Amino acid sequence: MHTRVPRLVERAYERLLRRDIDGTPDHVAVIQDGNRRYARERGDGAADGHREGARTTEQVLRWCQELGVEELTLYAFSTENFERPPEERDHLFDLIESKLRSFADREEVHENEVCIRALGEVDRLPERVRDAVAYAEERTAGYDRFRLNVALAYGGRAELLGAARETLRSVAAGNLDPADVDAAEIERRLYARPVRDVDLIVRTGGDERTSNFLPWHANGNEAAVFFCAPYWPEFSKIDFLRAIRTYESREASWRHTRRERAAALVRAVAGSSLVETREVIGRLREQLPHAGTDELTAELDRQDAGTTE
């Protein structure tokens with residue numbers, strides 16, 4: 001009875017959170033932190049923590065599909081992880097290899113048309129892990145309904161530095177005009193990139209930092225960030241729904257700010273010709289959600305009325 005009551009409360013809270021969510025981010029990126037601390041506090045080894053964390057990863061993939069998230073990126077192994085003790089690295093490599101192969105063979109992965117891709121300096125990984133990456137990517141290459149990116153030997157600074165060096169080499173070789181270097185040129189030189197910019201970063205384990213994770217695709221998109229205390233093996237669906245709610249609140253606040261700025265800009269050009277004002281409003285409408293154009297329309301109506309009086 002004592003265990004049943006908390007579960008009932010938890011399910012009720014989960015339903016409440018689910019009702020509060022109107023939409024979901026297209027792309028969620030997760031920093032799965034706390035596996036070792038989770039194991040240490042229970043007197044277990046790091047390998048046990050990583051195994052428990054792998055179970056949470058499987059659950060999060062299901063939650064994403066239930067809620068309509070279209071892309072999930074998991075920070076599975078960073079470039080800094082190469083500095084860990086050899087025995088821990090070997091266990092992680094074994095676990096990553098096993099999970100990539102088992103995921104690629106799962107019936108639900110094929111039913112849901114999940115495309116698995118690795119992001120990072122994969123050539124730095126042991127051959128058995130590279131083979132597992134190739135197997136998973138080949139098995140799911142024809143799918144596009146859901147994208148699962150696994151960041152392996154990944155480091156955001158290294159990614160941007162590599163793109164910058166490749167761009168400089170192209171310029172030095174005369175294959176690229178410096179005037180043509182833009183965001184698209186840099187993106188072409190990043191790792192096998194995500195399909196979508198990151199909308200929400202989730203980090204477990206209590207640390208409030210994004211740890212060199214997807215700086216181009218997250219920071220450039222001003223992604224929402226959700227930090228939470230539970231270690232990755234303890235991360236629950238309630239935690240995930242709270243993260244989605246944080247994203248929605250961030251989006252609502254950002255839309256409100258953009259509407260206010262747009263209305264202020266329209267008022268600032270109110271003294272210009274009606275043609276110029278209409279042109280400004282037309283450009284703003286392309287950048288704002290439909291619901292955010294009310295102020296613009298009202299301002300234009302006021303100017304129309306002013307010209308006919």
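Reader: Is cysteine 115 buried or exposed?

Author: In this predicted model, cysteine 115 is buried, as its relative accessible area is 9%. Cysteine 64 counts as buried too, because its relative accessibility is 0%, and buried means under 20%.

Reader: How many disulfides does the structure hold?

Author: A disulfide is a covalent bond that links the sulfur atoms of two cysteines. The structure holds zero disulfides.

Reader: How many cavities of 30 Å³ or more are there, and which residues line the largest cavity?

Author: A probe the size of a water molecule, rolled over the atoms, shows where empty space is left. Here the count is one cavity of 30 Å³ or more, and the volume of the largest cavity is about 70 Å³. Its lining consists of Glu58, Leu61, Arg62, Gln65, Phe103, Arg106, Glu108, Val109 and Val114. Two elements, α3 (46-67) and α5 (107-111), each give two or more residues to this lining; the largest share, four residues, comes from α3.

Reader: Which residues does the UniProt annotation "binding site" cover?

Author: The annotation, from an unreviewed UniProt entry, covers Asp33 and Glu222. Of these residues, Asp33 is included in the lining of the largest pocket.

Reader: Where is aspartate 33 placed, and where is glutamate 222 found?

Author: Aspartate 33 sits in the loop between β1 (27-31) and α2 (35-41). It is buried, with a relative accessible area of 18%. Beyond its neighbours within four places in sequence, aspartate 33 is in contact with Arg203, Thr204, Gly205, Asp207, Tyr231 and Trp232. Glutamate 222 lies in the loop between α9 (215-219) and β6 (224-227), and glutamate 222 is partly exposed at 45% relative accessible area.

Note on methods
Residues are numbered from 1 along each chain as its sequence is written. This is a predicted model: local features need pLDDT of at least 70, side-chain atom pairs count only at pLDDT 80 or more; totals for chains, interfaces and linings use all residues. Side-chain values use heavy atoms; hydrogens and water are left out. A disulfide is a pair of cysteine sulfur atoms within 2.5 Å. Buried means under 20% relative accessible area, exposed over 50%, partly exposed in between (1.4 Å probe, protein chains only). On a 1 Å grid over the protein atoms alone, a cavity is a set of points where a 1.4 Å probe fits but cannot get out, and a pocket is an open set with protein on both sides within 12 Å along at least five of seven lines; lining residues have an atom within 4 Å of a point. Grid points are joined across faces, edges and corners, and a volume is the space filled by probe spheres set on the points. UniProt positions are given in the numbering used here, feature names are shortened, and annotations may be inferred rather than shown by experiment. Contact means heavy atoms within 4.5 Å.
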